[in-house]
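Subject: Structure handover

Hello,

Here is the structure we discussed. Please look it over first; my notes follow below.

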Amino acid sequence: MKAMQRFFAVLIIFLVTSAQVSAVAFPGNAVPFNARLQAGYEPSGVIWHGRFQSFFVIWDNGYVTQLDRNGNSVRQSGRILGNRGVTDLEGIAVVDEQSNLIYLLDEYPQQIIEFDVNAWVETGRIWQLQGMLGNSKDGAEALTYNKDRGVFYVGSQYDGQI
């Protein structure tokens, strides 16, 4: 029995010491990217929009900025107001790249705001996220869209729920 235990101990030591550790490269091509945003700009969310060949970045102070593929600013919105006159944008999503619409997440009160990137204005369509717990410091923080299910997912800073 002891001989068998020694055998397995030696085998485990051999396997551990002979195993090669290698780093796994991040998939895709890494490209240096220097976004040219104004000093103090806090990018809360960023998406790539294939049809516009642009990045759309949101600032928690309520602005949307379009950047070209090299990080140069193409344009910046006026302050996104939502339905209460002030926003704290924390998430951004694309539902359909064939449309001109993107969706912005306001931290509190939690709401999704539709924004037309062609007209460069809010469309007026807003969805209140009723029943989501939070406050102005710990509200909605993350937004993505699941095309297969046709639903948005919203992450909460308040309780970690999605």
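The structure holds nine aromatic pairs. Rings of Phe, Tyr and Trp (its six-membered ring) pair if their centres lie within 6.5 Å; planes under 30 degrees apart count as stacked, over 60 as edge-to-face and the rest as tilted. W59 and Y63 make a tilted pair, because their ring centres are 5.5 Å apart and their planes stand at 40°. W59 is buried at 9% relative accessible area, while Y63 is partly exposed at 22%. (Buried is under 20% relative accessible area, exposed over 50%, partly exposed in between, with a 1.4 Å probe and protein chains only.) Y145 and F152 pair edge-to-face, with 5.0 Å from centre to centre and 65° between the planes. Y145 is partly exposed at 23%. F152 is partly exposed too, at 27%. Ring pairs also link F52, F56, F115 and W120 into a cluster.

A word on provenance. This is a predicted model: local features need pLDDT of at least 70, side-chain atom pairs count only at pLDDT 80 or more, and totals for chains, interfaces and linings use all residues. Residues are numbered from 1 along each chain as its sequence is written, and side-chain values use heavy atoms, with hydrogens and water left out.

Overall layout. The protein chain has one helix and ten strands. Its elements run α-β-β-β-β-β-β-β-β-β-β from the N terminus. (Helices, H or I with at least four residues, and strands, E with at least two, are DSSP runs numbered from the N terminus.) Of its 162 residues, 32% count as buried. Contact means heavy atoms within 4.5 Å. Among contacts between residues at least 6 apart in sequence, 43% join residues at least 24 apart. The accessible surface comes to about 10,300 Å², and 55% of that belongs to carbon and sulfur atoms. (Areas are Shrake-Rupley with a 1.4 Å probe; for residues, only the protein chains shown count as cover.)

Now the cores. A nonpolar core is a set of buried Ala, Val, Leu, Ile, Met, Phe, Trp, Tyr and Cys residues joined through side-chain atoms within 4.5 Å. The largest has 14 residues. F56, V64, I80, I92, I102, L104 and F115 have the most contacts inside it. At least two residues of this core come from each of strand 2 (54-59), strand 5 (89-93), strand 6 (101-106) and strand 7 (111-116). Another core, of nine residues, lies apart from it; L101, Y103, L129 and L143 are among its members.

What does I102 touch, beyond residues up to four places away in sequence? The list is I47, H49, F56, V64, I92, A93, V94, I113, E114, F115 and V117.

The structure holds one salt bridge, and E114 forms it with R125, the closest N and O atoms being 3.6 Å apart. (The cut-off is a side-chain nitrogen of Lys or Arg within 4 Å of a carboxyl oxygen of Asp or Glu.) The pair links distant parts of the chain, with E114 in strand 7 and R125 in strand 8 (residues 121-128), eleven residues apart.

Last, a loop residue. S99 lies between strand 5 and strand 6 and is buried at 19%. Its side chain reaches the backbone nitrogen of L101 at 2.9 Å. Leaving aside neighbours within four places in sequence, S99 is in contact with H49, R51 and F52.

Best regards

Terms used: A polar contact is a pair of N or O atoms within 3.5 Å; within protein, one must be able to donate a hydrogen and the other to accept it, and residues adjacent in sequence count only if both atoms are side-chain atoms.
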